[in-house]
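Please open the model in a viewer and keep the selection panel at hand.

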Amino acid sequence: MVKSLYKFMPFREIFFENFLLRASHINTLNDPFEMEPSLEWWANLFLELKHYRFGPTKEEIFSYIRMQNLNSPWRHLGTDLFKEYGIISFTETKENILMWSHYSNNHTGIVIEFDLSHSFFSEKFREKEDSYLGSPQKVLYRRERLITSDYLLEPYFHKSSDWIYEQEYRMLLKLSNSDKILINKDYCDKKFEDAGVFSSYKGGLEKINENFFEIRNSYNTSLLNNPNTMFMFKVSPDAIKSVYLGCRMKDEDINKLIELKEREDLKQHIKLYKSSIHDKRYELIFFEI
């Protein structure tokens with residue numbers, strides 16, 4: 001029974017001020033197979049629904065999908081099954097050196113250990129009629145793409161076995177439940193503002209630091225389609241058990257983290273661990289500081 005989950009990330013001091021985690025939507029994921037079940041999955045779905053717009057047989061539906069560009073909305077037969085959702089990714093391991101390299105800025109970042117029993121993971125976003133939503137689910141790794149399923153959003157939890165080293169858990173969330181929506185200043189041009197912000201009643205922008213704006217009172221298709229939009233969910237500091245520091249972390253960042261840990265909302269329950277390279281094996285070892 002997994003009691004903790006881990007999140008690899010570069011060290012950002014601001015995380016320990018706002019405790020925001022990004023839920024990635026389909027347009028921001030780096031694997032072209034994400035939410036791309038087999039053609040047969042789509043054909044089975046539409047035939048089950050008796051929706052024959054793209055053909056009354058599997059072969060005709062296959063033919064239609066194959067004609068679509070990978071980025072075309074019609075690749076998914078014009079449906080928006082996945083657009084309204086995002087995922088926060090975790091892992092069940094802190095030791096994997098590939099994960100440290102890929103997701104913690106070449107071992108200069110951190111890994112945060114979260115208490116899986118905390119209400120953020122077990123209650124806050126759970127829906128009685130949907131056991132997948134709002135609670136971390138283990139990713140299933142396989143060679144064959146999904147052919148059939150009883151749950152429309154199940155493709156979120158299937159990946160190629162090439163990714164098995166990540167030992168990933170995914171927390172599926174409705175993006176409309178996000179605590180903040182952010183945009184980097186470099187992508188906040190007039191076109192984005194008109195389509196994504198001011199098109200909504202009382203929509204507006206608020207500068208939160210030198211790099212980011214918060215999008216206020218606006219949630220629309222333009223935001224969902226823009227890969228630069230960041231949907232953020234606030235996790236309570238009480239959910240954090242430990243922070244692991246990379247073996248290449250700069251001394252100045254280590255000192256900042258030690259100072260942050262002494263804050264009243266953190267010092268009672270969070271432990272700090274520094275990683276170092278094992279003398280004999282390709283492993284990391286951790287010691288408390």
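The largest cavity holds about 30 Å³ of space. On a 1 Å grid over the protein atoms alone, a cavity is a set of points where a 1.4 Å probe fits but cannot get out, and lining residues have an atom within 4 Å of a point. Grid points are joined across faces, edges and corners, and a volume is the space filled by probe spheres set on the points. The model is predicted: local features need pLDDT of at least 70, side-chain atom pairs count only at pLDDT 80 or more, and totals for chains, interfaces and linings use all residues. Residues are numbered from 1 along each chain as its sequence is written, and side-chain values use heavy atoms, with hydrogens and water left out.

**First selection: the cavity lining**

Select F16, V243, L257, K261, L266, I270 and L272, which line the largest cavity. This lining comprises six nonpolar residues, no polar residue and one charged residue (nonpolar: Ala, Val, Leu, Ile, Met, Phe, Trp, Tyr, Cys and Pro; charged: Asp, Glu, Lys and Arg; polar: the others, Gly among them). The count is one cavity of 30 Å³ or more.

Move to residues 85–91, strand β3, where six of the seven residues are buried (under 20% relative accessible area; exposed is over 50% and partly exposed in between, with a 1.4 Å probe and protein chains only). Strands (E, at least two residues) and helices (H or I, at least four) are DSSP runs, numbered from the N terminus. Strands pair if DSSP finds at least two bridges between them. β3 pairs with β8 in the antiparallel sense over seven bridges; I87 stands opposite L172 in β8. β2 and β3 also pair in the antiparallel sense, over two bridges, and H25 has G86 in β3 as its bridge partner.

Select R170 and E34, whose closest N and O atoms are 2.5 Å apart in a salt bridge. R170 belongs to strand β8 (residues 168–174), whereas E34 lies in the loop between β2 (20–25) and α2 (39–48), 136 residues apart. Both R170 and E34 are buried.

Next, select E283 and R281, which form a salt bridge at 2.9 Å, N to O. E283 is partly exposed because its relative accessible area is 34%; R281, at 48%, is also partly exposed. Finally, display E34, K159, E168 and R170 together: salt bridges that share partners join these residues into one network.

Methods: 1 Å grid on protein atoms, 1.4 Å probe; cavity = no way out; pocket = protein on both sides within 12 Å on 5 of 7 lines; lining within 4 Å. Salt bridge = Lys/Arg side-chain N within 4 Å of Asp/Glu carboxyl O.
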